[in-house]
Amino acid sequence: MLFATSPAQADGVADFYRGKTINVLIGVNVGGGYDFEARLLARFMRAHIPGNPVLVPQNMIGAGGIKMANFLYSIAPQDGTALGMFPSTLVAAQAVGTEGVQYDANKFFWLGSITTSPVTLAVWHAAGVLSIDDARKREVVVAASNKGAITYTFPRMLNELVGTRFKIVSGYQGNSTMTVAMERGEVEGVTNSWDSWKSFNPAWVQDRKIKILVQTEPKSKDLADVPSVQELARTPNDRSVIQLIVSGDALGKPLAASPNVPGERVQALRDAFDATIRDPAFIEAAAAARVEINPIYGLALQATVEKVLATPKNLADRAKTIIAE
């Protein structure tokens with residue numbers, strides 16, 4: 001009850017948002033699961049925000065999403081008219097002290113995430129790589145965007161802590177270009193979330209064009225026979241470092257507001273996210289796009305962010321050699 005929005009506050013929020021535009025910044029390139037889910041939310045959340053402002057998605061790429069997070073933190077309006085869909089690696093990037101991080105994730109207001117899904121590393125069927133053991137025995141070329149992005153960090157982590165021999169080719173702009181590169185034979189593998197594979201490449205999954213070598217926890221019921229990277233850890237300390245690096249799995253694809261937004265607007269935005277998740281039209285659109293709805297709500301996201309940022313320094317320092325160097 002203490003956090004409920006009073007009728008007067010609700011009227012004030014509606015008065016503020018009426019006729020305004022909310023920019024929804026997306027820290028990845030066009031295409032792929034992050035971009036799609038951000039645009040899906042923007043399409044339906046408007047109806048649930050008092051005053052019905054227009055939500056405009058804008059891609060802002062750079063440094064694995066750090067550019068977008070820095071902008072939202074210090075340059076974007078801090079009045080509730082700027083939101084960001086975050087790559088889930090950005091909280092861990094702050095925890096380990098990645099170069100270029102100028103934001104404090106504890107000061108964002110986390111609104112929610114549509115779903116959680118394990119991160120996977122998949123290889124093309126023609127590569128002849130059938131298991132993680134095969135990737136320990138020979139070099140496997142994988143695509144990545146740049147340092148700090150999960151597409152770079154995940155295979156590097158596997159090399160350092162699991163003993164694989166992935167050769168990382170960076171510089172690709174977004175998962176859509178990486179998957180095309182894999183199909184063309186430029187690379188043999190790509191890191192992507194399992195829900196993105198099912199949503200954007202369902203024929204590949206059905207026809208077994210890709211082989212999933214490893215996933216993160218909690219494991220997908222669809223991938224019961226695929227090992228998790230946590231299971232593959234060789235020591236308890238290695239497992240702890242892995243847990244930090246993949247901590248973004250507990251965040252899903254999180255949506256947040258900039259710092260210093262008045263409390264009644266934060267509550268209205270969180271309520272709007274919650275209402276959108278229950279909206280029959282949204283549910284229908286998500287199902288049509290094969291997007292599973294398994295939401296994480298704002299306060300739970302806020303607690304997870306605080307936990308990640310409280311990681312002991314010795315573990316953060318070791319993870320930094322993988323994430324940031």
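Start by selecting helix α6, residues 150-162 (helices here are DSSP runs of H or I, at least four residues, numbered from the N terminus). Ten of its 13 residues are buried, so α6 is largely enclosed by the rest of the structure; buried means under 20% relative accessible area, with a 1.4 Å probe and protein chains only. Show side chains for the buried ones: Thr151, Tyr152, Thr153, Phe154, Pro155, Arg156, Met157, Leu158, Leu161 and Val162. Just after α6, click on Gly163, which takes a positive phi of about 90 degrees.

A quick word on what you have open: this is a predicted model, where local features need pLDDT of at least 70 and side-chain atom pairs count only at pLDDT 80 or more, while totals for chains, interfaces and linings use all residues. Residues are numbered from 1 along each chain as its sequence is written, and side-chain values use heavy atoms, leaving out hydrogens and water.

The whole structure holds two cavities of 30 Å³ or more. A cavity is a set of points on a 1 Å grid over the protein atoms alone where a 1.4 Å probe fits but cannot get out, and lining residues have an atom within 4 Å of a point. Volume is the space filled by probe spheres set on the points, which are joined across faces, edges and corners.

For the largest cavity, select its lining, which includes Ser88, Val119, Ile150, Phe154 and Asp249. The space inside is about 50 Å³. Its lining has five nonpolar, five polar and one charged residues (nonpolar: Ala, Val, Leu, Ile, Met, Phe, Trp, Tyr, Cys and Pro; charged: Asp, Glu, Lys and Arg; polar: the others, Gly among them).

Now the second largest cavity, with about 40 Å³ of space. Pick Thr89, Ala92, Ala93, Gly148, Thr153, Ile245 and Ile323 to see its lining: four nonpolar, three polar and no charged.

Last stop: helices α2 (residues 32-45) and α12 (residues 263-278), whose axes come within 10 Å and cross at roughly 100 degrees. Axes are lines fitted to C-alpha atoms over the stretch in contact, with angles from 0 to 180 degrees between N-to-C directions. The two helices are therefore roughly perpendicular, a label for angles of 65 to 115 degrees. Where do α2 and α12 meet? Leu41, Phe44 and Met45 in α2 touch Leu269, Ala272, Phe273 and Thr276 in α12, with contact meaning heavy atoms within 4.5 Å. Those residues divide into six nonpolar, one polar and no charged.

How values were computed
On a 1 Å grid over the protein atoms alone, a cavity is a set of points where a 1.4 Å probe fits but cannot get out, and a pocket is an open set with protein on both sides within 12 Å along at least five of seven lines; lining residues have an atom within 4 Å of a point. Angles under 35 degrees count as roughly parallel, over 145 as roughly antiparallel, 65 to 115 as roughly perpendicular and the rest as oblique. Buried means under 20% relative accessible area, exposed over 50%, partly exposed in between (1.4 Å probe, protein chains only).
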